[in-house]
Amino acid sequence: MLNCLNGITSTAAALNAERIRMDVIAENIANAHTTRSADGKPYQRQQVVFETVLQNQPGNITGTPVSSVQVARIEADKHPPILVHNPGHPDADAHGMVAMPNVNVHQEMADMLVASRAFEANLAVVRNARSMALQSLSIGKRS
Amino acid sequence: MNTLSAIRPVLQNLPQIQFTPKTGNATPVNDFMPVGETFDTTLRKFVGEVNTKQLAAQDVTKQLLGGQNVPLHQAMIAVEEASVSFQLMVEVRNKLMDSYQELMRMQI
Amino acid sequence: MIEALFNQTNYAATKKVLDAAMLRHEAIAANLANVETPGYKRVDIATSFSSELNQAIAAHEPSRINALRPSLELDSRAVAGTRDGNNISLETELLNLQQNTLTHTVGTQLLSGALLKLRLAITGRSS
């Protein structure tokens, strides 16, 4: 169909990637205190890895290849679980230590802010593309 | 006698001075109508250029509708330029018709 | 004859600036899409384009202006602000976005004005 919006493919890919990142952060926060997940071990923090991918297809009105972004993989954070002394906990081991997930909630909140800032920046890009397209349509129009 | 002998060389050279008529009936006054062109050919060239503009606008519109990578502003500019050229041609035609009718109305 | 109508220096320059603005928007979109990607380097319109355009305008040669082709290149002056090598500054990029959109608006307004003036000259009526 008609390609009216400029650069829309990079922006769409970026919005998608940031949304995936926010989903992963939300999952981390929700499981910040899960000491026993499906495999019996404490929850392992997940992190998203972005990568640049070259775009040369519709959405680049000028035909110049520009870079877009995509989620390369969602991988587990290799840091070991945090050991906390809590003898009364059902999952406490022989020494009274509980293995808590390696999630730092404050860090996750900061990451969430960064991801939503990037998301809104890309929304601004799409808004501007739309306004430019509408302006182009009114070239030569008598008021 | 002296004047006759003075004139004789001039009279002998007369046949070599020839009258070279200009081609067509146009005298160039500016770049708009070069030598050798009649009003007819100028008008044809003008209509041909307007047609070229229309075809270019149609081409770019077809590309745009086909989803190819043509910038929207370039399509709009091509269409507007074609429209302005066409309007120019229509106004020229109107003026020509008016002047023709005025000529016809003239009392001899 | 018709080409001479549209072969004015300012008109051709405005069209070229609009082309460059569309290209710049794609560059800014790519930059903002990769604002969180490690190691990404900023792209923008080639710096030579601006000087070439100014020279062609000063020489009053519309054919030279029409032959210009804006292109994208890596921005050599951007400085990496984070440890992962990404040199995009979100604030600067958003400002560039606004500026570019306004440049585009200025271009479309100038073109519309020129075309409406031509129509006025042709028909003697403003609409």
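In this predicted model, the contact between chain C and chain A takes 29 residues from chain C and 33 residues from chain A. On the side of chain C that touches chain A, α2 (9-33) and α5 (90-123) of chain C each supply at least two residues. Helix α5(C) gives the most to this side, with 11 residues. By class, the side of chain C that touches chain A has 18 nonpolar residues, along with 9 polar and 2 charged ones.

C:Leu32 is placed in helix α2 of chain C. This residue counts as buried because 26 C-beta neighbours lie inside 10 Å, where 20 or more are required. Leaving aside neighbours within four places in sequence, the contacts of C:Leu32 are A:Ala14, A:Ala121, A:Asn122, A:Val125 and C:Glu93. C:Leu32 is also 7.8 Å from C:Ile88, C-alpha to C-alpha, with the two 56 residues apart in sequence.

The largest nonpolar core has 39 residues, and those with the most contacts inside it are A:Val125, C:Leu32 and C:Ala33. At least two residues of this core come from each of α1 (8-30), β1 (46-55), β2 (66-76) and α2 (105-137) of chain A, and from each of α2 and α3 (47-58) of chain C. Helix α2(C) gives the most to this core, with 15 residues. With neighbours within four places in sequence left aside, A:Val125 is in contact with A:Thr11 in chain A and with C:Ile28, C:Ala29, C:Leu32 and C:Leu97 in chain C. A second, separate core has 20 residues, including B:Val50, B:Ala57, B:Val60 and B:Leu72.

Methods:
Residues numbered from 1 in each chain as written. Chains lettered and ligands numbered in written order. Predicted model: local features only at pLDDT ≥ 70, side-chain atom pairs only at ≥ 80, totals over all residues. Contact = placed C-beta atoms within 7 Å. Helix = DSSP H or I, 4+ residues; strand = E, 2+ residues; numbered from the N terminus. Nonpolar A, V, L, I, M, F, W, Y, C, P; charged D, E, K, R; others polar. Buried ≥ 20, exposed ≤ 12 C-beta atoms within 10 Å, placed from the backbone. Core = buried A, V, L, I, M, F, W, Y, C linked by C-beta atoms within 7 Å.
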